[in-house]
Amino acid sequence: MDNDLDAAKKLVELAIRKLGLDPAAVRATAGTGGSQAAWTLERGSASVLVTLTRPEEEKTTYLRVASPVVTLPEDAARRNALLRRLLEMNAAGLANAAFGLVGDRVVAVSERPAQGLDAAEVEQMVRHLSAVADTFDDRFEKEFGATKA
């Protein structure tokens with residue numbers, strides 16, 4: 001199954017080149033073992049983490065694109081209002097993306113199995129996630145007093 005991961009790595013690196021970046025220059029450390037790969041990209045004001053992972057208990061490799069958006073506001077009323085907005089946006093559909101929390105940080109994420117993946121889809125996921133993060137960091141900062149990630 002390493003061929004699955006290796007093929008996905010080649011697709012991700014091809015997409016990164018199409019974005020005008022050198023995959024070797026943006027490669028990140030992705031834990032231990034050979035069943036992971038990661039790249040960190042800067043797109044506008046957004047940082048985007050692209051990871052490929054194959055959990056030991058599974059035979060499937062997953063592509064995950066994630067971008068931090070904002071840190072939740074301290075004020076409880078503003079925090080609750082932002083959390084409600086995030087859930088409403090997730091339910092309304094963000095077209096191949098969702099908001100989540102990592103600690104107190106709001107992140108935009110998109111994930112799918114790598115099987116059937118092509119470089120154009122990887123490129124689209126990166127462009128879309130970075131646009132979501134870049135758009136909503138300003139909006140959430142202004143509307144809810146959140147701090148840009």
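Author: The protein has four helices and seven strands. Along the sequence they run α-α-β-β-β-β-α-β-β-α-β. This is a predicted model: local features need pLDDT of at least 70, side-chain atom pairs need pLDDT 80 or more, and totals for chains, interfaces and linings use all residues. Residues are numbered from 1 along each chain as its sequence is written, and side-chain values use heavy atoms, without hydrogens and water.

Reader: How do you know that the radius of gyration agrees with a compact globule?

Author: The rule is 2.2 Å times the number of residues to the power 0.38, with the radius taken over C-alpha atoms. For 149 residues a compact globule would be near 15 Å; the protein has 16 Å, so the two agree.

Reader: What share of the residues is called buried?

Author: Buried residues make up 39% of the 149. The term means under 20% relative accessible area, with a 1.4 Å probe and protein chains only.

Reader: At what angle do the axes of H3 and H4 cross?

Author: Roughly 140°, and the axes come within 10 Å. Axes are lines fitted to C-alpha atoms over the stretch in contact, with angles from 0 to 180 degrees between N-to-C directions.

Reader: Which residues of H4 make the contact?

Author: Phe136, Phe140, Glu143 and Phe144. Contact means heavy atoms within 4.5 Å.

Technical notes
Helices (H or I, at least four residues) and strands (E, at least two) are DSSP runs, numbered from the N terminus. Buried means under 20% relative accessible area, exposed over 50%, partly exposed in between (1.4 Å probe, protein chains only).
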